[in-house]
Amino acid sequence: MLIAMAVRNEMEDFHCKYLSDAQMQELNPMIRNAIATALYAARNYSEDEASYEWVNFQLRLIPEYWEEPELTEDFRNLVKSLRRRHREALRKSSGTAGQP
């Protein structure tokens, strides 16, 4: 559910621009089920023949032109914000607040 929510949130602007609420309502369970299937198959890859076959088939389908995934912009911004807050707190606690 966590991964599905991350996918859904990342798709929100696309949804608002191109998909109706009804289309998104139909798409969301497909996304959740596909994620659940992939996680199950990946976890059971070495113990379950169906998982082994499914994962290997999916891996063969990945096109060469797909770029490597990267962290979302929202998450990267959160990391920057928290690091900045942490640095500021350290400066304040060490008595160097206001210094670069």
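**Exercise 1.** Work out how many helices and strands the protein has, and in which pattern they follow.

*Solution.* Start with the cut-offs: helices (H or I, at least four residues) and strands (E, at least two) are DSSP runs, numbered from the N terminus. Counting these gives five helices and zero strands. Reading along the sequence, you then get α-α-α-α-α.

Before going on, note that this is a predicted model, where local features need pLDDT of at least 70, side-chain atom pairs count only at pLDDT 80 or more, and totals for chains, interfaces and linings use all residues. Residues are numbered from 1 along each chain as its sequence is written, and side-chain values use heavy atoms, leaving out hydrogens and water.

**Exercise 2.** Compare the radius of gyration of the protein with that of a compact globule of 100 residues.

*Solution.* First, take the radius over C-alpha atoms; the globule rule is 2.2 Å times the number of residues to the power 0.38. The rule gives a value near 13 Å, but the protein has 21 Å. Next, look at the box filled by the C-alpha atoms: roughly 60 × 40 × 30 Å along the principal axes.

**Exercise 3.** Decide whether D13 and R83 are buried or exposed, and place each in its helix.

*Solution.* Buried means under 20% relative accessible area, exposed over 50%, and partly exposed in between (1.4 Å probe, protein chains only). D13, in helix 2 (residues 12-18), has 65%, so D13 is exposed. R83 belongs to helix 5 (residues 73-94); its relative accessibility is 55%, so R83 is exposed as well. Across the 100 residues of the protein, 12% count as buried.
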